[in-house]
Amino acid sequence: MANYRWPTKLSKLSLRAKHANLYRVILVAILCTASYLFGVWQHSGRGISHSSLSNHELKSVSCTFPRQAAPVLNFAARHTAPDPPQTELTERITQIPPCGVEFSEYTPCEFVNRSLSFPRERLIYRERHCPEKHEMLRCRIPAPYGYTVPYRWPESRDVAWFANVPHTELTVEKKNQNWVRYEKDRFLFPGGGTMFPRGADAYLDEIGRLINLKDGSIRTAIDTGCGVASFGAYLMSRNIVTMSFAPRDTHEAQVQFALERGVPASIGVLASIRLPFPARAFDIAHCSRCLIPWGQYNGTYLIEVDRVLRPGGYWILSGPPINWQRHWKGWERTRDDLKSEQSEIERVARSLCWKKLVQREDLAVWQKPTNHIHCKRNRIALGRPPFCRRTLPDQAWYTKLETCLTPLPEVTGSEIKEEAGGKLARWPERLNAVPPRIKSGSLEGITEDDFVSNTETWQRRVSYYKRFDQQLAETGRYRNLLDMNAHLGGFASALVDDPVWVMNVVPMEASVNTLGVIYERGLIGTYQNWCEAMSTYPRTYDFIHADSVFTMYKDRCDMEDILLEMDRILRPKGSVVIRDDVDVLTKVKKITDAMQWEGRIGDHENGPLEREKILFLVKEYWTAPAPDQSSSLE
């Protein structure tokens, strides 16, 4: 019985506990209902009136939110120390002032006042001579008064606004050679040159009868002493892209005219240092009365052309001394002098193992061998120049010119036609074919799969850019583009179907020298140290792309100096896209705000979780003030 009574007591206790819990639940429900009804009664206007609350109390309890709050990327620090005392730098960052109008065409590394302190021998004074840190301008270069957005390509090839390049010297000096004409408020470019007064098209037709310009085997060209770059301008219709250069000399603004026309060009001179291009870069090299002393200084300048010329590439020469028998009087030189000059050129060309293909009227064409098998055997007989042994062929930033021959890569067989370094595909297949430098494994850490992946990545990225930058997406709005850290040229390759050209820069601080790959793709570019100014005029580019540039140059030079150089070479209303770490971009944006650029930070194309972000910027339109009326009348 004991076992029977014990569970009965336990059941009674449990029943009581359940009743107590039920009472509590009912009580809570009643209180909640009462509270709810009281609230409804109060807000119905029968309880405490709104007028009985002060305005201050209403504001303090307000919880109004916008219906859809747009996401804003806010990178302000949540824990801050007191502001440091105001310094010159923090005062400057508020707004970077404009420079004086006298600097509207300032080229820091080719500044005339500085260059005159260097030797005139071999035109060394016309080479790059950049300012020291204390000499650098810390202001924004103005566009000349009346500056107008340039004509669109292809119209820009033939016409440019006078206000953008206000120089008429060449219209007088080269009047009879059809370089450029001045009419009303613009310049006209008939396409002529010193040795092709009938026009560049007719001149190229003549060259085309000597070598094949149509089958895609020739894609990259270099024009030494380019004038206003009509040679390169008219080659574009033949799918050949030309790197034109000339010094900043008495032919005022010749390179500036070329850039205004939408033609690739830079300030440069053959003097004592290598051209800023890798070895085996160009399919043809051209000189039309470029006044370079090819036979002098032990053939140093032709040796440099040989370095940058591809195996099997062509050197085209017109003007003195070619066809001197006909032109010697007009050139105001003696027959013996011109004959001697041509003999020296012929001798140097033979010593480089070049073959003279043809000389017809005012044109002569030589061809570089496809490999150095026979050339090495001939060194015993030819003697000079010897093959270089120490310098790297692609090293070309302030690298001294040498009087030795850059050896071509070894070939596996003994065939004279086997192309050293690997045969290139014809254009346009060349663009996306794996470049020989990568296929051979000569670039450490870059595989064929990396190349293919990089190309696909930049196709997606450029498509993403165009969603945000409508000017980049608009066909014809931009013409001259700059990629400040081009790597494999993926950005440029993604734009190949647009009417643009891209200057692909490989910084000297890059971990791998990839500029040779860029040229093997049929693109163009140059070396550059972004702690220094670029060898170009203000307002060269419509669009600038900078991928991880500021991370690369962290602790190397001031961010502000790089941005001011970007401002110098960017046209008014031009755009900039900067990709970098989010912390870097917030610092960049503070400076670009001070430069009066409009900008916003956007997410990475893979989404907001990536630390790398993208800063989209536009340079505002502004110019130097109108000239003083009184001074113009004096």
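In strand β10, L363 is the residue that stands opposite R360. The structure is a predicted model, and its protein chain contains 21 helices and 17 strands. This briefing covers a hairpin, an open sheet and the chain as a whole.

**The β9–β10 hairpin**
- Strand β9 spans residues 355-360 and strand β10 spans residues 363-367; the two run antiparallel and are joined by five bridges.
- Two residues lie between the strands of this hairpin, and E361 adopts a positive phi near 50° there.

**The three-stranded sheet**
- Strands β1, β3 and β2 form an open sheet, in the order β1-β3-β2, with antiparallel pairing.
- The edges of the sheet are β1 (159-161) and β2 (181-183), each of which pairs on one side only.
- On average, neighbouring strands of this sheet are turned by 30° against each other, direction ignored.
- Three bridges link β2 to strand β3 (residues 186-188), again in the antiparallel sense.

**The chain as a whole**
- The protein chain comprises 634 residues, of which 50% count as buried.
- Among contacts in the protein chain with a separation of 6 or more, 69% involve residues 24 or more positions apart.
- The protein chain exposes about 32500 Å², and carbon and sulfur atoms supply 53% of this area.

Definitions and conventions:
Residues numbered from 1 in each chain as written. Predicted model: local features only at pLDDT ≥ 70, side-chain atom pairs only at ≥ 80, totals over all residues. Heavy atoms only, no water. Pairing = 2+ DSSP bridges. Helix = DSSP H or I, 4+ residues; strand = E, 2+ residues; numbered from the N terminus. Buried < 20%, exposed > 50% of the residue type's maximum accessible area, 1.4 Å probe, protein only. Contact = heavy atoms within 4.5 Å. Areas by Shrake-Rupley, 256 points an atom, 1.4 Å probe, with all protein chains shown as cover. Axes fitted to C-alpha atoms, helices over the stretch in contact; angles between N-to-C directions.
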